[in-house]
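Q: I have a structure open and would like to go through it piece by piece. Can you help me read it?
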Amino acid sequence: MKERLKLGIPKGSLQNATTELFKRSGWKINVNGRSYFPEINDDDIDCAICRAQEMSRYVENGTLDAGLTGKDWIAENSSDVYVAADLIYSKVSARPARWVLAVPYDSPAKTLEDLRGKKIATELVAFTRRYFAEKNIPVEVEFSWGATEAKVVSGLADAIVEVTETETTIRAHGLKIIHELMQTNTQLIVNREVWKNPEKREKIEQIALLLQGALRGDKLVGIKMNVPEPCIERIIPLLPSLNAPTIAHLYNSDWLSVESVVDSSVVRDLIPRLLKNGAEGIIEYPLNKVV
């Protein structure tokens, strides 16, 4: 019997975004709050839930064949794993998160060097220690169990190293960012021995392909319209597309059907321009995956 792939799904802030991404990719993962082993509609996969902070260690030691976790936690654990895919998504946005150094708004500190001999609170302890050590700046780094921003406000630390996507929470606590340590995004990681297994590697490559396709599809839309044949040369230059627009004659007519895939961010400006240049009956529709 074919050996099933042991796949780790991150518990916590990334869990919902991850299961939704898998759903758009064709896999339905049913997470039961009382179980660490979600159901998935694929007989070749066994799922397990674990914290993103621990995922790379379990993949490295072979407890899991593959898993999804942040680039930051792989670095924190110094894990030796194979990265099968970069997946740019997070709990609230479709852009990388940042680990930043923040201090009180009225702090005189403006650079890393200004924190020499100071205390820094963070959840990313090992990486932060290595980062400052590489720059020969002695600091005291202590682990924060949460509410890290409050450590500075209450005087328990001089600065924090914290992850942020929007900077909203950092600003709300009266802090300012003075340095960015790293950008991080979700990665599909694989145990190096498992990557040598042809059957499991094929399955992992399938997962990587479709997850990346779903993320790409999330940023694009399909657009379709009818165009009088004399107007087509004005319409085509307006249409960005993956390759070239698809054009077909309408039945027994001198009108053309034009279809293209475009970045969702340009549609609000594109549609009025298309109308002005002769297009009619414009339809915009979402894309599930683009591979």
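**Loops, sheets and helices**

A: This is a predicted model. One place to begin is N136, which is found in the loop between α4 and β9.

Q: What is the phi of N136, positive or negative?

A: N136 has a positive phi of about 55°, although it is not a glycine. In the chain, N136 follows α4.

Q: And is N136 buried or exposed?

A: N136 is exposed, with a relative accessible area of 61%.

Q: Back up to α4 then. Which of its residues are buried?

A: Helix α4 covers residues 125–134, and its buried residues are V125, F127, T128, Y131 and F132.

Q: Why do they line one face of the helix?

A: Seen down the axis of α4, the buried residues fall within an arc of 165°, so they line one face. As background, an α-helix has 3.6 residues a turn, so residues three or four places apart point the same way.

Q: What do the buried residues of α4 pack against?

A: They pack against several elements, including α3 (71–77), β7 (97–104) and β8 (119–122). Also among them are β9 (140–143), β10 (159–164) and β11 (175–184).

Q: How do β8 and β9 run, parallel or antiparallel?

A: β8 and β9 run parallel, and four bridges join them.

Q: What do β8, α4 and β9 make together?

A: They make a right-handed β-α-β unit.

Q: New topic: the five-strand sheet. What order do the strands come in?

A: The order is β4-β1-β5-β12-β6, in an open sheet with mixed pairing. The edge strands are β4 (45–51) and β6 (82–87), and each of them pairs on one side only. From one strand to the next, the twist averages 25°.

Q: How many bridges join β5 to β12?

A: Five bridges join β5 (residues 66–70) to β12 (residues 186–190), and these two strands run antiparallel. A66 has V190 as its bridge partner in β12.

Q: Which strands of that sheet does α1 touch?

A: Helix α1 (residues 15–25) packs on the sheet and touches β1 (5–11), β4 and β5. The direction of α1 makes about 135° with that of β1.

Q: And α7, which strands does that one touch?

A: α7 also packs on this sheet, touching β1, β4, β5, β6 and β12. The direction of α7 makes about 15° with that of β6.

Q: I clicked on K203. Where does it lie?

A: K203 lies in helix α7, which spans residues 198–218.

Q: Why does K203 count as buried?

A: The relative accessibility of K203 is 10%, and buried means under 20%, so K203 counts as buried.

Q: What does the side chain of K203 make a polar contact with?

A: The side chain of D42, at 2.7 Å. Leaving aside neighbours within four places in sequence, K203 is in contact with L5, D42, D44 and I45.

Q: OK, what about the sheet of four strands? What is its order?

A: That open sheet has the order β14-β15-β13-β16, with antiparallel pairing. Its edge strands are β14 (246–249) and β16, each pairing on one side only. The twist averages 15° from one strand to the next.

Q: Over how many bridges do β14 and β15 pair?

A: β14 and β15 pair over four bridges, in the antiparallel sense. The bridge partner of I247 in β15 is V258.

Q: Which residue should I look at in the loop between β14 and β15?

A: N252 lies in that loop. N252 is not a glycine, but has a positive phi of about 50°. N252 is exposed, with a relative accessible area of 75%.

Q: Last one: α9. Which residues are buried there?

A: In helix α9 (residues 267–276) the buried residues are V267, L270 and L274. Down the axis of α9, these fall within an arc of 60°, so they line one face of the helix.

Q: What is on the other side of α9?

A: R268, D269 and K276 are exposed on the other side.

Q: And what do the buried residues of α9 pack against?

A: They pack against β13 (220–228), α8 (232–235), β15 (255–263) and β16 (280–286). Just after α9 comes G278, with a positive phi of about 110°.

Notes:
Residues are numbered from 1 along each chain as its sequence is written. This is a predicted model: local features need pLDDT of at least 70, side-chain atom pairs count only at pLDDT 80 or more; totals for chains, interfaces and linings use all residues. Side-chain values use heavy atoms; hydrogens and water are left out. Buried means under 20% relative accessible area, exposed over 50%, partly exposed in between (1.4 Å probe, protein chains only). The arc is that of the directions from the helix axis to the C-beta atoms. Contact means heavy atoms within 4.5 Å. Two strands pair if DSSP finds at least two bridges between them. A crossover is right-handed if, with the strands pointing away from the viewer, the path from the first strand over the helix to the second runs clockwise. A polar contact is a pair of N or O atoms within 3.5 Å; within protein, one must be able to donate a hydrogen and the other to accept it, and residues adjacent in sequence count only if both atoms are side-chain atoms. Axes are lines fitted to C-alpha atoms, for helices over the stretch in contact, and angles run from 0 to 180 degrees between N-to-C directions.
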